[in-house]
Amino acid sequence: MTESTNTTPVRKGVPLWVQVIIWVFLAGLLVIVAMGLSRAQQGTIQPGHAVDDFTLPLFKGYEYQGASEVKLSDFRGKVVVINFWASWCKPCEQEAAELQRAWEQYEPTGEVIFLGVDYVDTEPDARVYLKKFGITFPNGPDLATRISQYFRIKGVPETYFIDRDGILQYVQVGPFTSLQQIQNIIDPMLAE
Amino acid sequence: MLNNRKLRVANYKLPLAILAVLIVSLLFAAAVFAQDDMPTDDEVNKIAKDLYCPVCESTPLDVCPTEACRQWRELIRQQLAEGKSEEEIKQYFVTQYGARVLSEPPNRLASYLVPALAFLAGVFLLFRGFRMWIKPMAVESASGEKEAAPIPQDDYIRRMEEELKKRK
């Protein structure tokens, strides 16, 4: 008896479709990791960026013209100053009085609106803070940290200046040290 | 006369003793009342250990020393005192600060299903891939019977087998 030697050539290796799926999966994984790293190194959103609309619920007693929440788009045509703060944040205390003075100066013009966004804070402590520094401009919590995530804040305090067209013009990281410093940012925006 | 004085003292002793017992009882009652009203640190930390403050990532709330976390713990204590349940308190924190404050993802089907399906798909692909990679595919012989294709042997194996035969 003779052994059968009539065999077809052996095909060996991972099928093409499996290879494609594995490579696509790996490439996707790398893209996700790269995006995460890129986002982590990006820092805050940069001037020149058209700021998307968002809604800020307001603390009772800190409403804007009786409204319990405001949208950024409500203030198109005005200069918007968005200040991120927290009651546990000591540097925020350094600028609280200056911000309030600036608000008192610009509020009567009706051309500037200040919005305080309370970051990762508890309402009772936030209220104590607002009362302590006599803050009167609209303030509210950053629910689910959506607004701070959008601005990619790195800490508090941080202040964002948005022009009449909704374009971010200036970012202040850290506390203001004087009223003049705030005026130097807002006045040129009003003059445009 | 002495007997009368003794009698009068005895008459006072009983009400005084009752009064003393009452005062002591009230003191204890007050202490118990305060304890019921204010949740203990253990009760607060039981909830706090499952929460993470976004300011101090990777540090559970129950051991985080920052001011922000201290405020959060006080808020938990306050809500416990108001009679809120653990679930209600956690839900409050999720609403206020987002689902990322939870140590475990919320019990959504997708949170568990997607990773499980991705894992199973990976296992399937790897299993299938390696099996086809290592085990040669069965081929049809001329007689029509299936048999395993011969494994091609390289020169090294052939020489080794020859050496082994010689040694036998």
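Among contacts in chain B between residues at least 6 apart in sequence, 43% join residues at least 24 apart, a contact being two residues whose C-beta atoms, placed from the backbone, lie within 7 Å. The model is predicted: local features need pLDDT of at least 70 and side-chain atom pairs pLDDT 80 or more, while totals for chains, interfaces and linings use all residues. Residues are numbered from 1 along each chain as its sequence is written, with chains lettered from A and ligands numbered from 1 in the order in which they are written.

Chain B contains 6 helices and 2 strands; these are DSSP runs, numbered from the N terminus, with helices (H or I) of at least four residues and strands (E) of at least two. Their order from the N terminus is α-α-α-α-α-β-β-α. Of the 168 residues in chain B, 12% are buried. Buried denotes 20 or more other C-beta atoms within 10 Å of the residue's own, exposed 12 or fewer, and partly exposed in between, with C-beta atoms placed from the backbone.

I turn to chain A. Why is strand E3 (residues 79–85) of chain A described as largely enclosed by the rest of the structure? The reason is that 7 of its 7 residues are buried. Val79(A), Val81(A), Asn83(A) and Trp85(A) point one way from the strand, and Val80(A), Ile82(A) and Phe84(A) point the other way.

E3(A) pairs in parallel with strand E4 (residues 112–118) of chain A over 7 bridges, pairing requiring at least two DSSP bridges. Within E4(A), Ile113(A) is the bridge partner of Val80(A).

Finally, helix H3 (residues 123–132) of chain A. Its buried residues are Asp125(A), Ala126(A), Tyr129(A) and Leu130(A). Because they cover an arc of only 135 degrees around the axis, they lie on the same side of H3(A); the arc is taken from the directions from the helix axis to the C-beta atoms. These buried residues pack against E4 and strand E5 (139–141) of chain A, together with helix H3 (67–81) of chain B. The face turned away from the buried side of H3(A) carries the exposed residues Val128(A), Lys131(A) and Lys132(A). Just after H3(A), Gly134(A) adopts a positive phi of about 60 degrees.
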